[in-house]
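Hello,

Here is the structure I promised to pass on to you. Have a look at it first, and then read my notes below.

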Amino acid sequence: MRLLVVLPRVPYPLEKGDKLRAYHHLKYLSRFHEIHLCCLNDVALHPEAEANLRPFCKSIHIIQLGKAGIYFNLLKAFLTGRPLQAGYFYRCRMQKKIEEIMHTVQPDHVFCQLIRTARYAEKLSIPTTLDFQDVFSVGAGRMKDSMPFYIRPFLGMESKRVAAYEAKMFDIFDNLIIISEPDRSAICHPDKDKIVIVSNGVDEELFSPMEHEKKYELLFTGNMSYPPNVNSVEYLVNNVLPEVHRINPGVKLMIAGANPSAAVKALASEHVAISGWVEDIRECYASAHIFIAPMQIGTGLQNKLLEAMAMQIPCITSPLANKALAAVDGKDILVGSAPEEYAQHIIYLLNHPEKAAEIARSGHDFVLQNYNWDTQTSKLERLISGTKHI
């Protein structure tokens with residue numbers, strides 16, 4: 001089958017969750033289908049991007065987002081009632097390229113990632129599939145309270161618009177997928193149970209236990225310009241660490257990940273190291289005693305937890321993050337709801353290495369049993385192939 005894949009970003013390098021998910025979808029689907037990739041790009045194109053994607057794609061088409069076009073389309077979306085993120089990622093050049101591919105290649109199916117690309121499929125007459133990934137309407141609503149007062153009205157507006165747009169997807173696409181049950185439950189549509197849950201996976205060959213000198217007691221990883229990650233490390237440094245330091249003043253935290261914002265850089269101290277981009281994130285995982293992700297806002301499944309657990313690092317997280325993960329609290333992971341509780345979990349694991357090792361082993365087994373890329377993406381492949389039974 002000839003498959004046209006439409007993405008809002010070039011899925012390389014893999015420093016963001018949507019890129020990681022798209023990359024593994026392409027990798028798996030290319031075993032069964034001829035892939036024609038069409039994607040937008042709003043940053044400098046990585047010099048190795050096309051080389052890393054070419055093994056999976058018959059053709060690759062990348063449309064650059066110019067700044068003038070971004071402002072124009074944001075204004076147009078604002079005035080027409082569309083979500084701003086749908087406006088940000090729409091380009092006439094992309095639409096024309098898709099029409100050219102449709103005419104030349106005659107694809108049998110179109111797969112779009114995120115509602116950001118949904119507009120490109122509105123007038124297509126062939127079967128289509130959309131990956132919601134997360135429920136963005138809820139994500140925008142959760143971010144609202146953590147943002148400056150002058151941004152909150154726009155996020156409130158965006159949340160309502162996105163919710164309406166998410167509901168509209170049922171009229172545009174033949175198939176819909178999403179990353180987790182909590183995300184599916186948050187979609188405002190009577191047929192939401194028809195959305196197929198296709199979780200992420202973890203590359204167990206890449207992320208596996210490794211010996212390394214332990215330099216830090218705590219680690220957080222992620223794209224450090226992403227608001228939920230910024231919010232999480234601010235909460236960790238400003239609320240949790242002071243509680244930990246009352247008992248153990250020597251505890252150190254590493255915050256590792258690409259594009260640290262000014263707010264994240266400002267958290268650096270003798271107890272907090274900010275790495276920025278690292279070539280091999282596995283070394284960061286292996287250099288810490290404990291991985292902690294006290295996510296307070298955001299949606300979806302935290303890939304950082306999958307990777308840390310696969311590397312057999314004991315993990316601590318929030319109820320919000322664990323709701324999507326569905327690990328067993330006290331067995332596979334530890335869950336905290338307040339700074340004092342997070343601090344207690346940290347001190348307990350540091351003082352009881354045998355219990356930390358037990359949770360690490362259980363977490364490792366849990367992730368490998370439940371989060372496999374091939375197993376999960378096979379559900380998507382069956383949808384695209386027309387095998388409705390999942």
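**Aromatic rings and a helix**

Phe-32 has a relative accessible area of 42%, so this residue counts as partly exposed. Please keep in mind that the model is a predicted one.

What does Phe-32 pair with? Its partner is Tyr-28: the ring centres are 5.2 Å apart and the planes meet at 50 degrees, so the pair is tilted. Tyr-28 itself has a relative accessibility of 10%, and because buried means under 20%, Tyr-28 is classed as buried.

A second tilted pair is made by Tyr-285 and Phe-291, whose planes are also at 50 degrees, with 5.6 Å between the ring centres. Both Tyr-285 and Phe-291 are buried. Together with Phe-207, these two residues form one aromatic cluster. In total, the structure holds 9 aromatic pairs.

Now back to Tyr-28, which is one of the buried residues of helix H1. This helix covers residues 17–29. Is H1 mostly covered or mostly open? Mostly covered, with 11 of its 13 residues buried; among them are Asp-18, Leu-20, Ala-22, Tyr-23, His-24 and Leu-29. The length of H1 fits too: at 1.5 Å a residue, its 13 residues should span 18 Å, and the C-alpha atoms at its ends are 18 Å apart, so the two values agree.

Enjoy exploring the model!

Best wishes

Technical notes
Residues numbered from 1 in each chain as written. Predicted model: local features only at pLDDT ≥ 70, side-chain atom pairs only at ≥ 80, totals over all residues. Heavy atoms only, no water. Helix = DSSP H or I, 4+ residues; strand = E, 2+ residues; numbered from the N terminus. Expected span 1.5 Å × (residues − 1). Buried < 20%, exposed > 50% of the residue type's maximum accessible area, 1.4 Å probe, protein only. Phe/Tyr/Trp six-rings, centres within 6.5 Å; stacked < 30°, edge-to-face > 60°.
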